[in-house]
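I opened this entry to look at the ligand shell first. Fold and confidence come after.

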Amino acid sequence: MTQSPENTVWDVIVVGGGHAGCEAATAAARMGAATLLLTHKLDTIGEMSCNPAIGGLGKGHLVREIDALAGVMGRLADRSGIQFRLLNRSKGAAVRGPRAQIDRRLYREAMQAELAETPNLTIVAAAVEDLVIEHGRVVGAVADDGRLFRAAAVVLTTGTFLNGVIHRGDERIPAGRHGDQPAIGLSQRLYGLDLNMGRLKTGTPARLDGRTIAWERLEMQQADETPVPFSFLTDRITVPQIACGITATNARTHEIIAANLGQSAVYGGHLSGRGPRYCPSIEDKVVRFADKDSHQVFLEPEGSDDPTVYPNGISTSVAPDTQLAFLRTMAGLEAVEVIRYGYAIEYDYIDPRELDPSLQMKRLPGLWCAGQINGTTGYEEAGAQGLVAGLNAARAASGADAVTFGRDEAYIGVMIDDLVTRGVTEPYRMFTSRAEYRLTLRADNADQRLTGRGVELGLVGPERAAAFAHKALLLKAADEVVRTVTFTPNEAKALGVTVNADGQRRSIRDLLAYPGVTLDAFAAVVPAMADWPEVVREQVVIDAGYAGYIDRQRIEAESLQREEALILPAELDYATVGGLSNEVREKLERIRPRTLGQAGRIEGMTPGALTALLFHVKHRR
Ligand code: FAD
């Protein structure tokens, strides 16, 4: 007879079936750990609380990295994406971000099916209210009905649920998100442990009834003709693609919002938590960007057979009648009906400086934390942390050492290092500008950077390992060709590539770095190229394009490390330092760090800003 979940000592318990929890649970299970996922409701596993989209700039890189380590997000997004677009397609490969609008139902169902089929994983519906702590170590979790579950390692991924409160106009509703109960006992328990904690907020827009939108009068945005999948294992996207609509706010919209600011959670002074600077509410936009008389709004269907539409860019917490009034001022929305009104939510988070780089609590061993509970925002940030926490919890349960990822190895490493060393004062989201090695940390090469490591760690199964080994072999052979086949300037000219007549021989790789030169120029000389798959051709061209810049990137990163002790003059006028964003300039002026190293540890500081500061101080008279 099989034992009940309460009578089993699990290797790993994961609390919360959101984006962090699903990656944590499946990663632990892939590592062979006997894993128990405890979550409020089985039918909200994989729920997208806010925007029905995955990926984007920086975030798309994280999804590729999760996928390279055999995580689930990328594969499932490929099965449920209804509008794929590669953002920044015209810019360099380092800053291109794969993104897809997702059919929420398909994603949730795919996630639930994936978890149900995962070996070593058991799922139980339970609301965890307490932790079991013995001899200073977390060894289990207790549900609100008294059931006690034991494990060698516990991972908390409770999202916005810790003491969550929804704000909308005058309404205050205790909730983890719309329609879900908050986790109050667990929040009290964590505060009781004297951990550094705080309040943050985020918000969501109204959901619109697509049948009441005048689509025919709107500009429409189509999906990419050839959708680029997230997963390295997906050959092509087969889900039918849809278009989304584009409208915009106008002077009348802003007037209505400005006249009713007192109803909003933040401007009415009803909440203290800081919201995401990079995902401002429409109230924030009206106040902070008062000189702008219009903001674009994307109307994104939440599913192919779902009339619900997500209006991207106008999250709000004003009262319902004000929401309806301002929505109806926008083109195409004159007769719109609302399915659910927008709201802001305030919730507890744990200061991520309480965590070590494996995401284990420094002062409470046995407990790992991942996702929004650590002060981040976004499914991708949550998923990536979940994977690291699940991996490490499983390793700890088997007595193995912690594993971390370097800043030069992965965006996952950049994010976790930022979180555990700098902490957060507002919800943290990923941007490519946060990485000092962004020319090498690209979405296209995430598998080259991480899958081999995943195989060594036991995270990556045989199918992916074999596909990776095959691709690596092809890439190695292609790389050998482009490095060793060389041409004199005259030979290059005969192929249509004009270079200095300096007598130097140049490799295909060198010549590919010249503007407008493609692999096709060399097809006649290297017939084997015809057999290179498209991914190999692409990677070879991208690598060649970046080859000259990668040394410079290394030199810049090394000089930042070397100059950590550089004294920043006390009277430094940051307004005169070129290349700083307003956010960074504001923080530098307020904090006035003594050294470059201290400046580097300010939350939100980017490597680009540090390089600008270093240059300014070194070269000022
Ligand atoms: P969640 O996805 O919230 O999952 C938490 C899970 O844990 C849930 O399944 C819950 O039922 C379960 N759980 C919680 N407590 C317990 C407990 N005690 N016992 C058992 N189970 C428990 N992100 C953006 O990138 N952009 C946005 O604009 C944005 N806006 C948002 C607006 C709102 C209103 C909300 C709620 C979220 C928003 N997000 C946004 C954030 C995004 O939804 C989260 O970052 C992401 O879902 C975090 O994933 P997670 O796994 O940490 O938590």
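I sorted the shell around the ligand by class: 13 nonpolar, 22 polar and two charged residues. I counted Ala, Val, Leu, Ile, Met, Phe, Trp, Tyr, Cys and Pro as nonpolar, Asp, Glu, Lys and Arg as charged, and the others, Gly among them, as polar.

This is a predicted model, where local features need pLDDT of at least 70, side-chain atom pairs count only at pLDDT 80 or more, and totals for chains, interfaces and linings use all residues. Residues are numbered from 1 along each chain as its sequence is written.

Which residues come nearest to the ligand? Of the 37 around it, I noted Gly16, Gly18, Cys50, Gly159 and Gly371 (near: C-beta atom, placed from the backbone, within 6 Å). Two or more shell residues each come from α1 (19-30), β2 (35-39), β12 (197-204) and α9 (379-397). Helices (H or I, at least four residues) and strands (E, at least two) are DSSP runs, numbered from the N terminus.

Next I checked helix α3, residues 73-80. Eight of its eight residues are buried, including Arg75, Asp78 and Arg79. Buried means 20 or more other C-beta atoms within 10 Å of the residue's own, with C-beta atoms placed from the backbone. Across the 621 residues of the protein, 48% count as buried.

I then looked at the whole protein. I found 18 helices and 22 strands. The C-alpha atoms fill a box of roughly 80 × 65 × 60 Å along the principal axes.

Last, confidence. Mean pLDDT (the predictor's confidence in each residue, from 0 to 100) is 93, and 99% of residues reach 70 or more. The model scores ipTM 0.97 and pTM 0.92.

Notes: Buried ≥ 20, exposed ≤ 12 C-beta atoms within 10 Å, placed from the backbone.
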